[in-house]
Amino acid sequence: MSKFPKNFLWGGAVAANQWEGAFLEDGKGWSTADTALFEENPDKVNISLLQPMTTEKVEFAMKDTEGIYPKRFGIDAYHHYKEDIALFAEMGFKTFRLSISWPRIFPNGDDREPNEAGLAFYDSLFDECLKYGIEPLVTISHYEFPLALSLKQNGWESRETVDAFVRYAKVLFKRYQGKVKYWLTFNEINIIGMTGYLSGGLLADKTDNMLQAQYQAAHHQFIASALTVKACHEMLPDAQIGCMLARQEAYPETSNPLDVMESVEADHTNLFYSDVQIRGYYPRYMEKFFRDHQIEIKKEAGDDEILRQGVVDFMSFSYYMSSIASHEKSGEETAGNLLGSKKNPYLAASDWGWQIDPVGLRITLHKLYDRYQIPLFIVENGLGAKDVVTEDGKIHDDYRIDYLRDHINEMAKAIDEGVELMGYTPWGCIDLISASTSEMAKRYGFIYVDQDDKGNGSLDRLRKDSFYWYKEVIATSGENLA
Ligand code: BG6
């Protein structure tokens, strides 16, 4: 008997900036993603995304005619979405997670009127999903912040960005009521604590203290998220809205209590964000962190109440790997989803050094459910790997099937053990541009896209072996994983 509930939301996930392309088309404005330059042999540990961005670098990218900026072309889904959604439907998707590009709706982030062509595009996209019975799961902000608001008001450091975001979200709720039932506010909201530009649109030359700006930006995102949740509940009583965290499960390196304490602290750093969005207030453990780093969060009167009133309905998260927490800082490092880690001798790693740990997913499901007692949703998981197309046009990606099978097995066990899990949308269900390295070579999909790192290729979509495998998984509700 399948452990997965009947209404389990099987599907896949993408983000506008990595999937759509159609840069500046039909009135779209610049987004932070459009300035991500492709570099040959990108460093897999200290990825350039973690380097501070400046006005000068932004202006250079906007004028540059030589460099390659893959997030501008994505996999051209803006012109291929019908074909892509038909393939998702063929696999039996119940849901499709996508994001809306804020600058496609408001080209400068805070324009007087929304861009009708942008709104119409998503109307048609949602209609296409619904035609096949696929529920859209929409991330309102996924690393595609309007660049104009970075240049004008240093992105999320400014309180005014809260108003711009909430207005944008309300436009979406009004327009897509009846079409979209599942919403997420900010993708991987904790990334703002690691790097300012990617989701916060922060520019280093516009602040004296980047860490202070990052946490101020986080506060503004919390407020924006809470106000958006409240608006969603008022405007769309049948919808559900969740938070989204890049979960970093960090094991103590040894049984040395100092390592265990490091792991507790790693959880604090990671779960601070979901603690605020799910509990509705700042956790006390952050007070010391703010003191130690001379961070002072500017709050307005009423903010505490806004946070209390804007708690989310469910928790979604990405999970790719686990990491190691250790008080001993030396040792062999390996790469990870923005954060690297020490190597875990019990785990294999992907071609990009991310440590593969299916049991870690079950551990994390239990930890999160024990802590929050609200439904969970795994909205990203998967293996970034290099795929080879055989002469007869096949892609034998058994390594991806192994990865996914092992993770789904652990999900089934967690459900059996009492965890409430709403759904599973593996990342990059169709190959797309990598968020961290802007490569095309790092592929996650069930569907292969004929395009290289520089944007050459026919853009043909090919079914990989994993396509047929996942189709069977969905058809049998996770029963047949062979
Ligand atoms: C998550 C992001 O961090 O990981 C996605 O939400 C991203 O946008 C995914 O693509 C995988 O990371 P990468 O760097 O391999 O594309």
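Student: Let's start with Glu-380: is the residue buried or exposed?
Tutor: Glu-380 is buried, at a relative accessible area of 4% (buried means under 20% relative accessible area, exposed over 50%, partly exposed in between, with a 1.4 Å probe and protein chains only). This is a predicted model, where local features need pLDDT of at least 70, side-chain atom pairs count only at pLDDT 80 or more, and totals for chains, interfaces and linings use all residues. Residues are numbered from 1 along each chain as its sequence is written, and side-chain values use heavy atoms, leaving out hydrogens and water.

Student: Which feature does UniProt place at Glu-380?
Tutor: The unreviewed UniProt entry places the feature "active site" there. UniProt positions are given in the numbering used here, feature names are shortened, and annotations may be inferred rather than shown by experiment.

Student: And which strand holds Glu-380?
Tutor: Strand S11, residues 376–380. Helices (H or I, at least four residues) and strands (E, at least two) are DSSP runs, numbered from the N terminus.

Student: What is Glu-380 in contact with?
Tutor: Leaving aside neighbours within four places in sequence, the contacts of Glu-380 include Arg-97, His-142, Asn-187, Glu-188, Tyr-320 and Trp-427 (contact means heavy atoms within 4.5 Å). With Tyr-320 there is also a side-chain polar contact of 2.5 Å. A polar contact is a pair of N or O atoms within 3.5 Å; within protein, one must be able to donate a hydrogen and the other to accept it, and residues adjacent in sequence count only if both atoms are side-chain atoms.

Student: New topic, salt bridges. How many does the structure hold?
Tutor: There are 35 salt bridges in the structure, each being a side-chain nitrogen of Lys or Arg within 4 Å of a carboxyl oxygen of Asp or Glu. Side chains of opposite charge can pair when their charged atoms come close.

Student: What does Glu-262 meet in a salt bridge?
Tutor: The side chain of Glu-262 meets that of Lys-329, at 3.5 Å from N to O. The two are 67 residues apart and link distant parts of the chain: Glu-262 is in helix H10, and Lys-329 is in the loop between strand S8 (322–325) and strand S9 (333–334).

Student: How accessible is Lys-329?
Tutor: Lys-329 is exposed, with a relative accessible area of 58%, whereas Glu-262 is partly exposed at 24%.

Student: Which residues are linked in a network of salt bridges?
Tutor: The network links Asp-387, Asp-397, Arg-400, Asp-431, Arg-443 and Lys-464. Within that group, Arg-400 pairs with Asp-397, their closest N and O atoms being 2.8 Å apart. Arg-400 and Asp-397 are both buried.

Student: And how far apart are N and O in the Asp-431 and Arg-443 salt bridge?
Tutor: That distance is 2.7 Å between the side chains of Asp-431 and Arg-443. Both residues lie in the loop between strand S12 (421–424) and strand S13 (447–449), so the pair ties together parts that are 12 residues apart in sequence. Asp-431 and Arg-443 are buried too.

Student: Let's hop to Met-411. Where does the residue sit?
Tutor: Met-411 is in helix H14, residues 398–416. The residue counts as buried, at 0% relative accessibility. Beyond four places in sequence, Met-411 is in contact with residues including Phe-4, Phe-8, Leu-361 and Ile-378.

Student: What about Asp-34, buried or exposed?
Tutor: Asp-34 counts as buried, at 3% relative accessibility. This residue is in the loop between helix H1 (16–19) and helix H2 (55–63). The side chains of Asp-34 and Lys-28 are joined by a polar contact of 2.9 Å.

Student: One last stop, Thr-476. Which backbone oxygen lies 2.9 Å from a polar atom of the Thr-476 side chain?
Tutor: That backbone oxygen belongs to Glu-472. Thr-476 itself is in the segment after helix H15 (465–475), and counts as partly exposed at 23% relative accessibility.
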